[in-house]
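Please consult the sequence and the structure shown below while reading.

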Amino acid sequence: MGIPHRSIVVFVAALAAMAALAPAASAGRSAGGTCGRKCPADTTPPTVSVTSPASGATVAGTVTVAGVASDNTGVARVELAVDGGAAVPASGTTSWSGTVATGALANGSHTVAATAVDTAGYRATATVTLNVANPVADTTPPSVAVATPASGATASGTLAAGGSASDNVSVARVDVQVDAGAFQPAAGTTSWTATVDTTALADGAHTLTARATDTSGNAAAVTVPFSVANGSGGDVVLADPSATNGLQLLGRGRAAEWGSLSVVLYWEDFTSKHSAFVRDSATGASSYVPLPADNLAGWSDVAYTMTSATDLWVLGGGGPMAVRHYSLAGSPVPTTATLVSDQVFGDTDSRQGDLLRLASGALMAVWHQQGETGPQGLWLAYLGAGAAAWRVTGPLQFMITKASKQTAVQHPVDGSLWVFSSPDAYGAIGAVHLTEAAGDLRVDWTDPLYIDRAKYELDGPDPENPDLSSAPDPSTGTIALAYQSAHRQMFQTSPTVVTGSYPMVARIPASGPPAFTLLPVYVERVSSLGLVVRPGETWLGYRPIDQATMTYDGLAVSVLRGGAWEAPMSLGRFAQIWDRLSFGVSRPDYAARLSDGRLHLFPLA
């Protein structure tokens, strides 16, 4: 049966109406709603504010910036930027926070912008201004001044030292040092005072150093010279009335002694005048004795000794060697010297070692060859008591000898003779053992590594060129041998580098291995050591390193008694960093040219 025509028309019209409605419903959904033709577009930006820190706040380190944000549809994210730089996401949205590392910013005013972004991409920004004030590293040292004593002033009794100090931040403390002694705290900072007992110092030249340290650890020091005059007689200043220029010591090492007489050799600047200062320790009487000139060279370095109250022997030279014999005369102390004889050894390649008076009255001279005109080696010359001619032994070629030092000593137990040698960059001390027999010397044995690191580890010698100083010790039946040990440390304060070593005293029996006693004070590794041994006492002169200033121009003396080192004595500062040190044979007499430019002799006992 067919469909009526009117029904078909109605059905088609309904389909057309549905087709017209379908596009409008699709557009409403794509806009995110179901409201059809009446759903509006999102054109409202979010809001944002900073709640902490307040604008204008002063901050340092890492700062937390926090705030709130809102939006009619939703906050997608919050970003932070400093001074218009790159944006960094904050944590959270409606309640958010982020950090700003102010250490990367210069001190001063900076702007932090917080930007909120909603889901439709609209943005809003709030800003705060922060004052960054991070601490600035303090690298400026303080300044310090000494008002008392005035430079070159003379003091006695109790010295009230004082001065001032200042710093761009703050002075933490001021310390005071006399000569090469330990620094002691002063009272006060910007205005400071300290008390110095000058009666504990020898009469003569000294220095006072004030060191200021600020709260950041920066330090600065100033040194002033002053003199002590307590009338103690503990410091003898050499004042040769015939000299018109300054005086300097001759030789490195032992002075000469005979009974109560002591002899110290010196020379006058800018002249060829060489003299002997003679002093009687029993009476204090002294004299200045010119030594007659000869045509021989050999005054560049000397070792000397006495074989009687009137016989002085001097070995020296930068090649060849010369042994000069002087006869002294005068009363109550010698006042004149006559050249009796001179003897030449070696050649232009020879260098001075040591000169030793033996118990028999004989003499033994030691020198070495550098290896430029012939082979290296040690040489010995022997002059028996009353003999007219020297007997020469050598070369002993058991070790290198270029740039070496020697010291000679007689053992108090068996009378054997020992020569110790220390070459530069060798790292060991060699030894020669000899016997005096039939008017000559017999070599018993040699050992190129008598004391070295392999056997004795850090008790061995410094690996460069340690000084050598020796003395017999009848009270212990040993030889005492002083040297810079392998207990060493490098100190660096740009651009200065100083290497320090602890001094060592080795006790050497007639047979068997040595024993060691360490002085735990860093001294410059190749500077001179002054060893004097008395019954129950070992005296040692040295140059301590001041680790605050990296200097080592002070002269200190320490005494070993009862198995322990006593507090060091400070005798002043050397005039020049490599000035020589002279010391007694059986008496702790130390002589040096100090910072006042004069030669001083300190009879310490």
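An open sheet of five strands has the order 17-48-47-46-19, with mixed pairing. Strands (E, at least two residues) are DSSP runs, numbered from the N terminus, and two strands pair if DSSP finds at least two bridges between them. The edges are formed by strand 17 (236-237) and strand 19 (253-254), each of which pairs on one side only. Within the sheet, strand 46 and strand 47 run antiparallel and are joined by three bridges. Ser 582 stands opposite Ala 591 of strand 47.

The model is predicted: local features need pLDDT of at least 70, side-chain atom pairs count only at pLDDT 80 or more, and totals for chains, interfaces and linings use all residues. Residues are numbered from 1 along each chain as its sequence is written, and side-chain values use heavy atoms, with hydrogens and water left out.

## Arg 587, between two strands of the sheet

The loop between strand 46 (581-583) and strand 47 (589-593) holds Arg 587. Is Arg 587 buried or exposed? Arg 587 counts as buried because its relative accessibility is 11%; buried means under 20% relative accessible area, exposed over 50%, and partly exposed in between (1.4 Å probe, protein chains only).

The side chain of Arg 587 reaches the backbone oxygen of Leu 261 at 3.2 Å. Setting aside residues up to four places away in sequence, Arg 587 touches several residues, including Glu 257, Ser 281 and Arg 534. Contact here means heavy atoms within 4.5 Å.

## The nonpolar cores

A nonpolar core is a set of buried Ala, Val, Leu, Ile, Met, Phe, Trp, Tyr and Cys residues joined through side-chain atoms within 4.5 Å. The largest one has 30 residues, of which Val 263, Leu 265, Leu 291, Tyr 304, Leu 312 and Val 314 touch the most other members. Among the elements that give two or more residues to this core are strand 21 (261-268), strand 25 (311-316) and strand 48 (599-603). Strand 21 gives the most, with five residues.

Leu 312 touches, among others, Val 263, Leu 265, Leu 291 and Tyr 304, not counting residues up to four places away in sequence. Apart from this core lies another, of 21 residues, among them Val 144, Val 171, Val 174 and Val 224.

## Strand 12 and its partners

Strand 12 is mostly covered, with six of its eight residues buried. It pairs with strand 15 (residues 204-214) in the antiparallel sense over seven bridges, and Asp 175 stands opposite Arg 211 in strand 15.

Strand 12 and strand 13 also run antiparallel, joined by two bridges. Val 176 stands opposite Gln 184 in strand 13. The hairpin of strand 12 and strand 13 has five residues between the strands, and in it Asp 179 takes a positive phi near 55°.

## The largest pocket

The largest pocket has a volume of about 930 Å³. On a 1 Å grid over the protein atoms alone, a pocket is an open set of points where a 1.4 Å probe fits, with protein on both sides within 12 Å along at least five of seven lines; lining residues have an atom within 4 Å of a point. Grid points are joined across faces, edges and corners, and the volume is the space filled by probe spheres set on the points.

The lining of the largest pocket comprises 41 residues, of which Val 178, Ala 180, Gly 181, Ala 182 and Ser 570 lie nearest its centre. Strand 12 (171-178) and strand 13 (184-185) are among the strands that each supply at least two residues of this lining.

Key:
Helices (H or I, at least four residues) and strands (E, at least two) are DSSP runs, numbered from the N terminus. A polar contact is a pair of N or O atoms within 3.5 Å; within protein, one must be able to donate a hydrogen and the other to accept it, and residues adjacent in sequence count only if both atoms are side-chain atoms.
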